[in-house]
Amino acid sequence: MSDNTAPSPAIRTCRHVPVCPPAEAVDRDAAHVLAAHPEQGWSLLCNGVVVFEDFGEILPDGHCTGSRHRELAMAVPHRRAS
């Protein structure tokens, strides 16, 4: 008898201390970088998020976010809106 079900992909849990924020969190960009490809403009974070150089993202569930560059720049205390 053969089993026709595909094995479920292994879920990697963060082993960092403190634990990286999950992909659904507002601060998901604070997760550790697992693979960096600056020549291509993207990095894979520990929480499964792919972040691009303009801070656009692909979340593990396939949803995409637009560039958050201005939003993140405004969060820096010493920067002002231009």
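The model is predicted, so local features need pLDDT of at least 70 and side-chain atom pairs count only at pLDDT 80 or more, whereas totals for chains, interfaces and linings use all residues. Residues are numbered from 1 along each chain as its sequence is written, and side-chain values use heavy atoms, with hydrogens and water left out.

**The sheet**

Display the strands. Strands (E, at least two residues) and helices (H or I, at least four) are DSSP runs, numbered from the N terminus. Five strands form an open sheet in the order S1-S2-S3-S4-S5, with antiparallel pairing; two strands pair if DSSP finds at least two bridges between them. S1 and strand S5 (64-65) stand at the edges, and each has a single partner strand, so one side of each is left without a neighbour in the sheet.

Select S1 and S2 next. These antiparallel strands are joined by four bridges, and valine 33 has leucine 45 as its bridge partner in S2. The two strands form a hairpin with four residues between them, and glycine 41 in the turn has a positive phi of about 85°.

Move on to strand S2 (residues 42-45) and strand S3 (residues 50-52), which run antiparallel and are joined by three bridges. Leucine 44 has valine 50 as its bridge partner in S3. Here too a hairpin is formed, with four residues between the strands; glycine 48 in the turn has a positive phi of about 90°.

Colour the two faces of S2. Ser43 and Leu45 make up the covered face, Trp42 and Leu44 the uncovered one. In a regular strand the side chains alternate between the two faces of the sheet.

**Asparagine 47**

Select asparagine 47. This residue counts as buried because its relative accessibility is 15%; buried means under 20% relative accessible area, exposed over 50%, and partly exposed in between (1.4 Å probe, protein chains only). A polar atom of its side chain lies 3.1 Å from the backbone oxygen of arginine 28, and a polar atom of that side chain lies 3.3 Å from the backbone nitrogen of valine 49. Leaving aside residues up to four places away in sequence, asparagine 47 touches Pro21, Pro22, Ala23, Arg28, Ala31 and Pro60, where contact means heavy atoms within 4.5 Å.

**The salt bridge**

From there, select arginine 28 together with glutamate 57. Their side chains meet in a salt bridge at 2.7 Å, N to O. The pair links distant parts of the chain, 29 residues apart: arginine 28 is in the segment before strand S1 (33-37), and glutamate 57 is in strand S4 (residues 57-58). Arginine 28 and glutamate 57 are both buried. The count is one salt bridge, defined as a side-chain nitrogen of Lys or Arg within 4 Å of a carboxyl oxygen of Asp or Glu.

**Cysteines and backbone geometry**

Cysteine 46 is buried at 8% relative accessibility, while cysteine 64 is exposed at 59%. The disulfide count is zero, a disulfide being a pair of cysteine sulfur atoms within 2.5 Å.

Finally, inspect the backbone at two sites. Valine 17 and proline 18 are joined by a cis peptide bond, with omega about 0°, and proline 18 is in the segment before S1. Phenylalanine 55, in the loop between S3 and S4, has a positive phi of about 70° although it is not a glycine. With a relative accessible area of 31%, phenylalanine 55 is partly exposed. Most residues other than glycine have a negative phi, and most peptide bonds are trans.

Methods
A polar contact is a pair of N or O atoms within 3.5 Å; within protein, one must be able to donate a hydrogen and the other to accept it, and residues adjacent in sequence count only if both atoms are side-chain atoms.
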